[in-house]
Amino acid sequence: MGDCLFCKIVAGEIPATKVAESDDYFAFRDINPQAPTHVLAIPKRHVPSLNEAEDGPLLGGLVLFARDVARDAGLADDGYRVVINTNAGAGQTVFHVHAHLLGGRSMGWPPG
Ligand code: AMP
Ligand code: ZN
């Protein structure tokens with residue numbers, strides 16, 4: 001927690017481009033966007049990864065929060081992707097659980 005990049009963004013200690021905020025969640029633009037819209041949605045509470053997540057309502061609320069950000073960005077009809085990379089093999093590099101919201105272009109499947 002003390003050294004967590006995303007906790008520092010929530011605390012305002014590291015700058016980020018905020019997209020949305022609620023009591024429990026924060027959304028900001030990814031610094032290295034992979035799509036025209038690439039937003040990271042996080043719980044304000046520190047949870048390292050999906051592996052450690054025990055609070056179902058917090059995780060469910062995170063998905064709904066990302067859905068609301070997608071809707072507000074005008075992505076609901078065309079479609080978007082919400083991704084939670086979990087541990088190194090899936091590409092997780094920041095160990096504060098986060099949902100990538102990607103949209104604004106067509107997406108291939110399976111993901112790389
Ligand atoms: P992941 O690889 O799934 O852990 O995703 C971490 C994401 O955080 C990557 O897409 C990075 O581009 C993004 N990222 C890293 N540092 C920052 C930062 N300071 N502000 C915004 N996004 C960041
Ligand atoms: Zn954190």
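## Zinc site

His46 is buried, with a relative accessible area of 17% (buried means under 20%, with a 1.4 Å probe and protein chains only). His96 is likewise buried, at 0%. In this predicted model, both histidines coordinate the zinc ion (ligand 2) through ND1, together with the SG atoms of Cys4 and Cys7, at 2.0 to 2.3 Å; donors are N, O and S atoms within 2.8 Å of the metal (3.2 Å for Na, K and Ca).

The angles among the 4 donor atoms are 106 to 117 degrees, and the site is tetrahedral (four donors with all angles between 85 and 135 degrees). The donor residues follow the spacing C-x2-C-x38-H-x49-H. His46 lies in the loop between strand E3 (37-43) and helix H2 (56-72), and His96 in the loop between strand E4 (80-83) and strand E5 (99-103), so the pair ties together parts that are 50 residues apart in sequence. Helices (at least four residues) and strands (at least two) are DSSP runs.

Oxygen atoms of ligand 1 lie 2.7 Å from a backbone N or O atom of Gly91, 2.8 Å from a side-chain N or O atom of His100 and 3.0 Å from a polar side-chain atom of His98. The protein covers 83% of the 500 Å² of accessible area that ligand 1 has on its own (Shrake-Rupley method, 1.4 Å probe).

## Basis of the values

Residues are numbered from 1 along each chain as its sequence is written, while chains are lettered from A and ligands numbered from 1 in the order in which they are written. Local features need pLDDT of at least 70 and side-chain atom pairs pLDDT 80 or more, whereas totals for chains, interfaces and linings use all residues, and side-chain values use heavy atoms, without hydrogens and water.

Conventions. Tetrahedral: all angles 85-135°; square planar, octahedral: opposite > 155°, others 65-115°. Buried < 20%, exposed > 50% of the residue type's maximum accessible area, 1.4 Å probe, protein only. Polar contact = N/O pair within 3.5 Å; in protein donor to acceptor, adjacent residues only side chain to side chain.
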